[in-house]
Every structure is written in structure tokens, then in C-alpha cells.
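Let's take a walk through this model, one piece at a time. Have the sequence and the 3D view ready.

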Amino acid sequence: MKFKSITLLVLIFWCQFIFSQDLDLSILTIPAELTKTSNSVVRFDETTVELVSQKKMNYKIRKAITVLNKLGDHASSITIYHDKNRRIKSLKASAYDAFGKEMKKVSSKDFKDYSAADGFSLFNDNRLLYYEYTPISYPYTFYLEYEIESSTTAFLPRWYPFDAYNQSVQKSTYTISYPSDFKLQTAKKKFKEFKVKETLDPTKMSYEVTDLIAINYEELAPSFISIMPSLTLATNKFHLEGVDGTANNWNEFGKWMYDNLIATRMELPESTKTQIKNLVKGETDPIEKAKMVYEFVQNKTRYISIQVGIGGWMPMLASDVDRLGYGDCKGLTNYTKALMDEVGVESYYTAVYGGNEKRDLENDVYSVQGNHVILNVPTADGDLWLECTSQTNPFGYQGTFTDDRDVLVITPEGSEIKHTTAHNDKSNFQKTVAKYQISPDGSIEGSVNIQSSGTQYDAHYSLDKKNERDINEHYKSGYWSYLNNLTLDTYQFTNDRDSILFTENVGITAKDYASFSGDRMLFTMNAFNRASYVPKRYRTRNLPLEIDRGFIDTDHFEITVPSGYVIEALSDAVTIENKFGRYQFSITKTSENKLNYTRTFFLKKGTYSKEDYKTYRNFRRQIAKHDQSKIVLLKK
């Protein structure tokens with residue numbers, strides 16, 4: 001009977017295998033080494049691009065991904081953008097079981113059609129199709145095939161063989177064909193490391209990778225896009241926003257973009273011209289003028305989100321922003337530039353990849369890049385960068401969204417690559433001065449003054465605009481979450497926008513801060529700035545270590561111990577210094593019941609080898625341990 005059952009199972013499997021021969025999606029055809037650390041496996045991924053002419057491009061995607069477990073489900077979520085210039089010619093998708101048998105055929109009606117404008121569609125007719133498959137078992141394979149016809153040729157599809165960490169690739173190919181009078185620029189990343197096969201013909205380029213083993217996610221690794229292989233392309237002849245363009249270098253491209261997408265969008269109403277001129281009347285310093293214009297825009301307008309690259313590349317008319325009082329990053333930046341021009345301040349529209357993870361524009365590909373726009377104001381002392389979407393940013397302050405990266409500055413004469421502000425490690429400072437006292441029952445009462453600047457300012461200054469509930473949440477569940485039974489008795493914030501310095505003055509009480517053991521009271525010295533983070537331990541580290549932003553924290557606490565107790569034990573002073581930075585603390589007795597605690601933690605920005613990771617982890621582990629150092633009091 002057992003033999004008959006096995007025979008039946010083999011027969012069923014064979015029938016299913018024959019059924020799926022056209023796609024060959026059985027998991028049994030995946031090499032074993034591609035599944036060991038993977039959540040998903042790209043079975044094949046074929047991108048075929050045909051540049052027919054300056055105004056016409058067709059591209060086809062054909063892709064199958066096997067999802068091995070729940071952590072890989074995101075790989076079967078599909079997003080396809082379309083608009084009046086980008087038409088979906090065909091679309092089909094299916095889900096298959098482990099043996100390659102089709103379980104579900106997905107029709108175009110199953111895809112949800114959304115506006116891509118994040119709720120503000122007044123200036124945006126871009127849309128997206130979205131589908132998320134709900135699995136009934138694992139593993140499964142999702143197959144997708146679609147074709148796009150586009151009259152926009154300024155954005156050639158990019159090639160990323162890997163979609164994510166913990167994903168293997170059985171085969172991925174990219175092929176592009178183009179007219180003989182076109183020139184293509186390419187930026188190839190990590191081709192040698194991942195053994196990308198390249199085939200170049202006079203009017204065709206082909207790229208292929210096979211059997212790429214998954215790269216596991218590791219804490220503090222460099223950005224995903226800098227680790228993985230990728231191909232970015234552009235053509236010297238393109239069409240965008242109904243206009244033909246030619247670009248063989250950045251100057252040509254920048255001039256085309258300025259003349260065709262920006263210059264015609266800056267006209268202001270006469271009343272606004274008069275108003276802004278009166279605002280700066282009598283002021284001769286261009287920086288002061290720029291500051292007055294920037295604050296005028298902050299007070300008059302608000303931001304609505306229409307992403308660059310989705311919401312179109314031509315900014316709203318400056319007159320429309322002026323009339324409506326809102327716009328996206330392109331519209332608000334263009335409006336601010338128009339006002340600057342009106343008062344004689346030099347400024348330039350600038351494309352950037354925005355995000356807390358730094359990303360440079362590709363220098364070797366002359367094309368529309370970035371997902372955000374800011375304003376460049378050159379001065380005798382260097383460049384200022386203005387975030388025109390913010391109603392709260394200080395003039396000239398650049399936070400972690402656009403700091404320290406290559407950007408494209410567009411001028412009437414052309415364009416150039418510049419680098420935005422890279423904050424010095426020691427300029428990212430936080431200084432904490434506090435006084436606190438311990439009561440005989442173990443509760444703590446204190447006053448805390450915190451000053452922050454640089455990128456640390458970015459993490460604090462929004463407190464000034466929060467309501468009472470959110471402020472309590474910030475301290476109780478976030479910043480001082482280790483203080484049980486915390487009560488905020490008072491708080492006051494000062495935002496010095498000129499010096500870019502944020503100050504917090506907070507009065508607190510907390511019950512049961514100290515613990516008791518017989519006649520002894522124990523409490524942690526560092527009440528207000530503990531660095532508890534310890535990086536994850538890896539038996540084998542494979543990726544480099546990156547500390548993308550450094551900082552320095554200095555702390556000084558005056559501690560009053562309760563009467564009726566004597567100080568039995570104090571920790572010795574500690575200093576740790578290495579390539580990553582420096583940590584130091586000391587505790588000294590200044591009177592019978594008063595102590596001074598001082599602490600410095602300086603962390604350096606940098607990229608380090610994978611071999612350095614263990615040393616860095618040990619550095620942070622020691623800091624976390626020392627920040628928990630306790631004082632022991634003995635009852636008299």
C-alpha cells in the first residue's frame with residue numbers, strides 16, 4: 001500500500017511538471033545554493049527596451065519570482081506606473097504552486113488603479129496599478145509580464161538584478177536597442193564583483209547575470225544601492241513634457257532643462273513683485289535679502305506631495321503657487337527662485353535624491369535624476385541650500401534629508417554637479433546639563449537643559465511644534481523610556497533659528513528610580529543620556545561597516561544624594577579611544593552629599609572594513625555597559 005501511495009505521488013508530480021514545462025517554474029529546478037539564505041529567488045527577469053525614436057520607446061518586463069517564506073512576500077507586490085505619455089499595452093500575471101502548477105490567473109481587473117499624487121491630484125494625472133498577492137501556502141511563484149509604450153524617452157528603465165536583501169537571482173537580463181544616430185551613456189555599478197556579462201553591438205547593448213547568491217541584510221552596512229549591481233542609462237536624444245531635447249554633457253542638459261522646464265514657469269503677479277521688493281527695501285546684503293524671501297515663502301505657502309519623477313518634471317507656474325498658497329517641491333522651489341530673482345539674489349533650481357540614506361546623482365549619465373528639488377544660493381563664503389517645502393527649517397539649514405550628497409544645480413547657462421553640506425562630526429553636538437536629587441524613597445527629581453545643533457538639531461527641533469500629548473510621548477516612550485513612572489513637571493523650548501540651536505528645559509520626577517538591597521541604595525549615574533544601542537552580533541560579517549553621520553555628546557550632571565546615606569562605592573573613571581571615536585566618564589565627590597558626573601561620547605563618520613565590525617560592536621557594548629554604571633549608598 002505504501003508503494004502504491006509513493007507511485008501515485010510521483011505520477012501526480014510528473015503530470016504537474018509536464019503541465020508547467022512552458023515556464024519550468026517547479027522549485028526543483030532552483031539550484032540548492034540559491035535557497036539556503038533566501039526569502040525569495042528571481043527565477044528569471046527579462047527587461048527588453050526598444051528605443052524606436054526620440055519620441056517613442058517600448059519596453060517589456062517578463063519576470064518570475066519564487067517566494068520561499070513570509071519574509072519574501074513583498075517580492076510579489078506589483079506596482080506599475082502609467083500616465084498619458086506612458087501606456088500599458090499588455091499585462092498578465094499568475095501565481096504557481098511549488099511544482100509549477102498555476103493556482104491563480106491574475107487579470108488586469110485585479111490590479112487597483114490609484115492616483116500617484118498622494119491625495120493631491122490637481123496638478124497630476126499620473127497613476128499606478130498595484131497588486132498584492134495573498135498566498136495560501138509556501139513556496140509559491142509569481143509570474144508577471146507587461147509591456148509599456150511611452151512617448152517620454154528621458155527616463156530609460158534601470159536594471160537592478162536584486163530587488164532586496166536575502167533574494168537570490170537565477171537569471172536576470174537587460175537588453176536595449178536604439179537608432180544608430182543615438183548615443184547612450186551608462187553608469188555601471190559592481191559589474192566586476194558580480195560577474196555581469198556584457199555584449200555590445202553598434203545599436204544594441206545586452207547584460208546578463210546568473211546564479212547570484214542572496215546577500216543577507218546586515219546592520220550598519222552601506223546603502224543597498226551601493227552594494228548591489230546596477231545599470232543606469234540615458235540617451236543623448238530624448239523627449240520630455242512634450243519637448244525634444246539633446247544632451248551630450250551636463251551643460252547641454254542643464255540649459256535644455258532650464259529653457260524648457262523652468263524659465264517659462266517663473267512669472268509673478270505685479271502685486272507680488274511690488275510686495276517682495278517693499279519687503280527687502282533698504283537691505284543691501286544679499287544673504288539677508290535671501291533670508292527675508294525664504295521666510296516670506298514659509299509664512300505664505302504650504303507643501304503638498306507630488307513626487308519628482310511621478311508627478312511630472314515641469315514645476316507649477318509661480319503665479320499659481322502665489323495664488324493658491326501651496327505646491328510641491330518643484331513648485332515651491334521655482335516660486336522661491338522667482339522671488340529671489342525679483343530682489344536680485346542669485347539662486348538655482350537643484351535636483352537631489354532626498355532621503356535619510358544618502359544617495360548621489362550619477363555623474364556619468366546626463367539625464368533627469370533625483371526625487372526632490374531644493375534651491376541653491378551661492379555666496380562668497382560657499383553655497384547655501386534651502387529646503388523650500390519646510391515651514392519650520394531655519395534659513396540655510398540642511399538636515400539629514402538632503403545633506404552630504406552630489407546634486408545637480410541648474411543654471412540658465414547649463415548645469416553642474418555640486419555637493420551639499422556635510423556636517424562636521426563635532427558640529428553635530430548635544431550638550432546636556434542637569435541637576436537631580438535622589439529621595440530616601442528612591443524617587444528622582446531634577447531639571448535638565450539640552451542643547452542640540454547640526455544633525456542632532458534635526459532630531460529635536462520639531463518638539464517646538466508638538467502638542468502636550470506628543471511631547472509626553474517623546475520623553476516617556478522614547479528619549480527617556482528607561483525612566484519608569486516619569487512625570488514631566490515643566491518643559492520649555494527655545495528654537496534659535498539664527499544660530500541653529502535648539503534648547504530644551506525640562507523638569508522631571510520619577511518614582512522608584514533607585515533600587516534597594518538591605519541597607520544599600522543603588523542607582524544609575526547617567527539619568528538623562530544613555531547610549532544603550534549595541535549592534536547585532538554576527539558570527540561571520542560579510543559587508544563593510546558604515547557610520548554615515550558622526551556626533552559628539554557632552555554631559556554634566558550634579559547629583560544630590562539623600563541625607564541619612566553615605567556614599568559607599570563610586571565607579572572608577574573610564575576612557576576608551578579608538579578609530580571610531582572616544583568615550584569618557586568620571587564621577588567625583590564634591591561634598592558629603594553632592595557628586596559631579598561628566599561624560600563625553602564622540603563618534604566619527606566613516607566606512608570601515610567588515611573586519612572592523614567586531615571591534616566597533618565591542619566599543620558600543622562597553623559604552624552601553626558603562627552608561628549603566630551605578631552608585632552605591634549605605635544607610636547610616
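S40 has Q167 as its bridge partner in strand 9. That pairing belongs to strand 1 (residues 40-53) and strand 9 (residues 167-177), which run in the parallel sense and share nine bridges. Strands here are DSSP runs of E with at least two residues, helices are runs of H or I with at least four, and both are numbered from the N terminus. Two strands count as paired if DSSP finds at least two bridges between them.

A word on the background: this is a predicted model, where local features need pLDDT of at least 70 and side-chain atom pairs pLDDT 80 or more, while totals for chains, interfaces and linings use all residues. Residues are numbered from 1 along each chain as its sequence is written, and side-chain values use heavy atoms, leaving out hydrogens and water.

Eight strands make an open, mixed sheet in the order 5-4-8-2-1-9-12-11. Its edges are strand 5 (102-106) and strand 11 (197-201), each of which pairs on one side only. On average, neighbouring strands are turned by 10° against each other, direction ignored.

| strand 1 and strand 9 | parallel | nine bridges | S40 and Q167 |

On to the helices. The axes of helix 5 (residues 286-300) and helix 7 (residues 329-342) come within 10 Å and cross at roughly 140°. That makes helix 5 oblique to helix 7 (under 35 degrees would be roughly parallel, over 145 roughly antiparallel, 65 to 115 roughly perpendicular, and the rest is oblique). Helix 5 brings A290, V293, Y294, F296, V297 and K300 to the contact, and helix 7 brings Y335, T336, L339 and M340; contact means heavy atoms within 4.5 Å. Eight of these residues are nonpolar, one is polar and one is charged.

Last, the rings. The structure holds 39 aromatic pairs, with ring centres within 6.5 Å (planes under 30 degrees apart are stacked, over 60 edge-to-face, the rest tilted). Y513 and F523 have ring centres 6.5 Å apart and planes at 45°, so this pair is tilted. Y513 lies in the loop between strand 26 and strand 27 (515-517), and F523 sits ten residues away in strand 28 (residues 520-524).

Notes
Axes are lines fitted to C-alpha atoms, for helices over the stretch in contact, and angles run from 0 to 180 degrees between N-to-C directions. Ala, Val, Leu, Ile, Met, Phe, Trp, Tyr, Cys and Pro count as nonpolar, Asp, Glu, Lys and Arg as charged, and the others, Gly among them, as polar. Rings of Phe, Tyr and Trp (its six-membered ring) pair if their centres lie within 6.5 Å; planes under 30 degrees apart count as stacked, over 60 as edge-to-face and the rest as tilted.
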